[in-house]
Amino acid sequence: MTLLLVLTSLILISIAVWQLTKILELSKPVDFENSEIATDNDNDMQGKFMFLFLIFIYALTIFSFFQYGDVILPESASVHGENYDRLLWFSFSIIFVVQTITQALLHYFAFKYRGNKKRKALFFADSNFLEGVWTIIPTVALAGLILYGLFTWVDIMTIEENDEALVVELYAQQFNWKARYAGEDGVLGDANVRFLQDFDGKNLVGIDPTDRNGDDDVVVQELHLPVGREVVFRIRSQDVLHSAFMPHFRAQMNAVPGMINQFAFIPNTTTQDMRLRPEIVKKVRKINKIRFDKSEVLTANGDFPLDPYQFDFLLLCNKICGASHYNMQMKIIVDTEEDFNKWIDEQLTFKEFVQ
Amino acid sequence: MAKKNNRRAKIVGTDIELDITEKEDVLIESHDEDHDEHHHHKETFITKYIFSIDHKMISKQYLITGLIMGIVGIAMSLLFRLQLAWPEESFGVFDVLLGKWATDGVMDPNVYLALVTIHGTIMVFFVLTAGLSGTFSNLLIPLQIGARDMASGFLNMISYWLFFISSAIMLASLFVEAGPAAAGWTIYPPLSALPQAQPGSAAGMTLWLVSMAFFIASSLLAALNYIVTVLNLRTEGMTMTRLPLTVWAFLVTAIIGVVSFPVLLSAALLLIMDRSFGTSFFLSDIFIQGEVLHYQGGSPVLFEHLFWFLGHPEVYIVLLPALGIASEVISTNARKPIFGYRAMVGSILAIAFLSTIVWGHHMFITGMNPFLGSVFTFTTLLIAIPSAVKAFNYITTIWKGNIQFNPGMLFAIGLVSTFITGGLTGIILGDSALDINLHDTYFVVAHFHLVMGISALYGLFAGVYHWYPRMFGRMMNKNLGYIHFWITAISAYGVFFPMHFVGMAGLPRRYYTNTNFPYFDDVANINVVITLFALLAGAAQLVFLYNFISSMFYGKKSVMNPWKSNTLEWTAPIKHMHGNWPGKIPHVFRWPYDYSKPGAKDDFVPQNIPLKKGERELQH
């Protein structure tokens with residue numbers, strides 16, 4: 001439906017432009033002006049188009065918010081994410097106001113002062129007052145934004161490790177993620193790519209077999225996190241740059257070979273609770289409708305239908321890393337503390353796994 | 001031939017002003033015929049059109065090479081937009097153009113990445129750096145400052161030919177067995193360093209690096225030439241505060257280039273070392289394809305620092321010439337002096353200075369120390385101040401003007417519009433905290449395409465429409481120009497405005513398809529809309545190409561100063577000749593923006609007209 005609407009409007013716009021220029025050409029008296037310099041007629045027409053273009057920009061903005069507003073990420077599922085969202089929407093409201101006003105001035109002036117032979121432009125070359133105004137206003141506004149932003153940034157990036165925090169290693173390779181939990185001792189064993197081939201390749205993230213801290217480490221392919229507890233991520237890569245991007249938690253940090261990067265957050269919503277949020281229910285319904293329509297086509301062609309979709313948090317790769325970059329993801333499940341403990345107890349430790 | 005309209009022209013070199021009615025074309029032509037007779041026997045086809053040392057010819061060479069690269073770059077974007085809108089569908093056009101890289105007409109993921117990479121490289125460096133700055137710096141610096149040619153015509157020729165070699169190598173890299181470079185235009189190692197990581201990092205990446213080495217050499221030679229020319233060859237009376245803003249922009253752009261391009265060269269050389277000679281500048285602890293590599297102790301983050309030390313100033317290398325062109329075109333067509341000339345110069349200088357100390361904002365989440373992130377946030381957001389000053393000054397320039405909507409003017413106003421829209425989202429992305437969740441999403445793609453891609457392209461178009469008569473002696477068709485502008489303007493917003501929403505949905509860039517897992521299924525229809533607008537925008541450029549080529553042969557002959565502009569380039573005869581002015585070089589007596597000056601007979605007073613008795617030279 002949208003497609004059809006857009007197509008029609010595109011065609012109509014093109015026809016309108018084509019026709020208008022044609023009218024313009026025909027309406028000119030023969031030999032009135034045989035150069036390619038804008039005439040009063042041109043100025044009048046193009047000035048009016050400028051005004052229409054202003055309306056187009058506003059209409060596009062409103063249309064996009066109404067039509068596409070629902071694809072925007074849902075409210076954050078982490079504690080710091082709430083501050084992040086507040087800063088984001090605060091900044092957006094400022095730039096939105098500036099955008100609305102400046103585009104209006106630009107296009108309205110272009111329309112209002114469209115030239116003709118009788119008009120004389122005002123010789124107005126400088127005004128210290130005006131220059132001062134639009135130097136000082138942005139400076140004040142930006143000073144506010146910079147301060148607000150920096151407080152938020154420092155708040156997010158300061159990792160105060162405590163014994164309560166859960167330490168998880170995110171391990172990136174072409175083209176999947178693995179996660180390693182520190183186990184009962186709470187300390188991740190040393191690791192390096194040199195150990196990857198030990199134990200016939202069962203040493204999935206290259207834990208140093210001589211480091212006893214690594215014995216109780218748990219390596220998994222699906223990330224489970226307990227709600228309400230600080231998680232400190234240590235992020236590694238074994239081959240090229242990757243980026244651990246967890247959009248629902250407003251969290252991202254690159255995975256750099258040869259380096260261990262860190263990021264920390266406190267998840268505040270379980271996967272179950274998230275699935276019940278109205279905006280998620282709506283989003284899932286919309287996606288399932290799309291998938292259902294696709295499945296109908298597929299089954300008609302004798303293929304299998306698509307599975308119905310259920311919401312899950314995702315860890316995505318967000319740094320170009322090769323051919324399958326687009327599919328390098330891992331499911332994140334946020335559980336209650338008990339469910340999380342139950343789950344991690346079921347997992348094999350590194351020592352158990354390699355034996 | 002004779003025109004009915006009344007115009008004023010100058011017989012240059014004699015400093016006599018005449019009113020000429022119905023004779024000017026004849027006059028200009030006869031002038032040129034003399035000139036041709038005088039010079040023809042000295043010039044062969046090769047010295048005139050190929051190894052020319054004349055800045056006007058070199059500027060045309062830059063423009064045409066840039067446009068050809070632009071066709072390739074834009075065509076590539078249309079190909080990958082098709083894939084994004086209809087993922088993994090079979091297209092005949094893929095079959096034809098991509099051959100073995102599109103089995104049954106379905107694009108291969110590696111080719112998708114290659115197209116994205118080469119599109120970025122070509123558009124940023126070959127079209128918007130060489131094609132825009134190369135063309136107009138060459139054309140306008142000598143003509144607007146009143147010089148016979150560049151300080152060194154020979155170096156100028158060399159710089160074009162290095163650019164040509166670089167373009168040829170880049171295009172040749174499209175045809176190597178394993179495909180061209182595909183690590184993104186930022187070519188971060190280790191992906192770009194290891195052929196095991198992706199096929200494009202084999203011979204394709206080698207050619208990319210060699211091509212860029214030539215490109216950097218070319219741009220350094222050109223930039224040094226521009227700087228020396230502007231500083232030394234200004235005509236009498238052309239003080240720095242009487243320079244047109246175009247020349248200011250070109251001068252400052254050249255300085256940024258000289259400061260930052262060598263750093264990219266060092267990054268490229270070190271990467272070549274790592275790739276071919278076993279060093280470990282950027283590589284450490286790597287296990288790939290079942291093998292532990294010997295590299296130890298290097299850091300990819302070092303490469304990112306070196307790359308962005310050029311990469312960010314590069315944005316302004318692209319943008320400042322476009323803004324300079326906009327200043328000139330807006331002032332001329334608004335028939336008003338540019339508002340706040342000194343503030344404009346000041347903001348160009350401020351932007352240039354700040355542009356070299358903000359590169360870290362591309363690296364907030366690379367593992368760089370968060371304290372450095374704070375510093376870069378601070379410097380980055382400061383750039384908004386001079387940018388805001390420029391935007392408001394443009395708006396004030398058209399306020400109470402007498403706006404002549406020539407196609408160049410439309411593009412210049414379009415530039416201000418996209419510069420604002422794209423620039424504002426920079427305030428979001430430059431904030432380290434907000435960058436965490438928007439980094440490398442489509443929000444970034446939307447932001448930089450509007451603020452530097454589209455804006456700079458508009459600057460290029462504004463420049464072409466405005467100075468076409470000066471370059472080719474003929475006018476481009478204005479109605480085709482109008483069609484070109486409006487379709488482009490509508491589709492540019494149609495492409496990049498909805499793209500912000502795709503980014504805010506959390507969709508990472510450089511994904512071959514967005515529907516491989518269900519979470520982003522609901523942005524699929526936005527992608528279709530974006531692609532349709534992109535195709536429309538592509539089609540509009542055909543109108544431009546047709547207009548550009550056909551006007552060269554069939555366009556209406558231009559008069560000497562069609563836009564009634566003040567700057568010196570319009571006082572020189574249009575036809576190809578060395579030395580620009582047949583007689584003496586004109587002297588300059590005033591700034592270039594005396595439009596609609598009270599007390600003047602016309603609404604423009606060219607720079608070479610002496611001040612009248614009692615006339616004050618404002619602004620200086």
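Student: Which residue is the bridge partner of Leu170(A) in β5(A)?

Tutor: Strands of a sheet pair through backbone hydrogen bonds, either parallel or antiparallel. In this predicted model, Leu170(A) has Ile235(A) of β5(A) as its bridge partner. The two strands concerned are β1 (residues 166-173) and β5 (residues 231-237) of chain A, which pair in the parallel sense over seven bridges.

Student: To which sheet do these strands belong, and in what order do its strands run?

Tutor: They belong to an open sheet of five strands in chain A, ordered β3-β2-β1-β5-β8, with mixed pairing. Its edge strands are β3 (218-220) and β8 (261-265) of chain A, each of which pairs on one side only. Neighbouring strands of this sheet are turned against each other by 25° on average, direction ignored.

Student: Which residues does Leu170(A) touch, not counting residues up to four places away in sequence?

Tutor: On that count, Leu170(A) touches Trp177(A), Ala179(A), Phe233(A), Ile235(A), Ala244(A) and Ala255(A).

Student: How should I read such contacts in terms of a nonpolar core?

Tutor: In soluble globular proteins, nonpolar side chains tend to be buried together. Here the largest nonpolar core has 293 residues, and Leu170(A), Ala244(A), Ala322(B), Ala326(B) and Ala462(B) have the most contacts inside it. Helix α5 (residues 109-145) of chain B supplies the largest share of this core, 22 residues. The core lies between domain 1 (2-25 + 38-115) and domain 2 (166-273 + 308-354) of chain A, because both give residues to it.

Student: How far apart are the centres of domain 1 and domain 2 of chain A?

Tutor: Taken over C-alpha atoms, the centres of domain 1 and domain 2 of chain A are separated by 43 Å. Their contact takes nine residues from domain 1 and 11 residues from domain 2 of chain A. On the side of domain 1 of chain A that touches domain 2, there are five nonpolar, four polar and no charged residues.

Student: How many residues does each chain give to the contact between chains A and B?

Tutor: Chain B gives 118 residues and chain A gives 112 residues. On the side of chain B that touches chain A, helix α16 (residues 478-504) gives the most, with 13 residues. By class, that side of chain B has 74 nonpolar, 31 polar and 13 charged residues.

Student: Let us return to Ala244(A). Which way do the residues of β6(A) point?

Tutor: His242(A), Ala244(A) and Met246(A) point one way from β6(A), whereas Ser243(A) and Phe245(A) point the other way. Five of the five residues of strand β6 (residues 242-246) of chain A are buried.

Student: With which strands does β6(A) pair?

Tutor: β6(A) pairs in the antiparallel sense with strand β7 (residues 251-255) of chain A, over five bridges. Met246(A) stands opposite Ala251(A) in β7(A). β6(A) also pairs in the antiparallel sense with strand β9 (residues 313-317) of chain A, over two bridges, and Phe245(A) stands opposite Leu316(A) in β9(A).

Student: What is the strand order of the sheet that holds β6(A)?

Tutor: The order is β4-β10-β9-β6-β7 (chain A), in an open sheet of five strands with mixed pairing. Its edge strands are β4 (223-226) and β7 of chain A. The twist averages 20° from one strand to the next. Helix α7 (residues 337-346) of chain A packs on this sheet, touching β4 and β10 (329-335) of chain A, and its direction makes about 140° with that of β4(A).

Student: Is Ser596(B) buried or exposed?

Tutor: Ser596(B) is buried, because 23 other C-beta atoms lie within 10 Å and the cut-off is 20 or more. Phe199(A), with 15 other C-beta atoms within 10 Å, is partly exposed.

Student: Where are cis peptide bonds found?

Tutor: One joins Gln174(A) and Phe175(A), with omega about -5°; Phe175(A) is in the loop between β1 and β2 (176-181) of chain A. Another joins Pro189(B) and Pro190(B), with omega about 5°; Pro190(B) is in the loop between α6 (153-172) and α7 (203-232) of chain B.

Terms used
Residues are numbered from 1 along each chain as its sequence is written. Chains are lettered from A and ligands numbered from 1 in the order in which they are written. This is a predicted model: local features need pLDDT of at least 70, side-chain atom pairs count only at pLDDT 80 or more; totals for chains, interfaces and linings use all residues. A nonpolar core is a set of buried Ala, Val, Leu, Ile, Met, Phe, Trp, Tyr and Cys residues joined through C-beta atoms within 7 Å. A residue is buried if 20 or more other C-beta atoms lie within 10 Å of its own, exposed if 12 or fewer, and partly exposed in between; C-beta atoms are placed from the backbone. Helices (H or I, at least four residues) and strands (E, at least two) are DSSP runs, numbered from the N terminus. Domain bounds come from an automatic or database domain assignment. Two residues are in contact if their C-beta atoms, placed from the backbone, lie within 7 Å. Ala, Val, Leu, Ile, Met, Phe, Trp, Tyr, Cys and Pro count as nonpolar, Asp, Glu, Lys and Arg as charged, and the others, Gly among them, as polar. Two strands pair if DSSP finds at least two bridges between them. Axes are lines fitted to C-alpha atoms, for helices over the stretch in contact, and angles run from 0 to 180 degrees between N-to-C directions.
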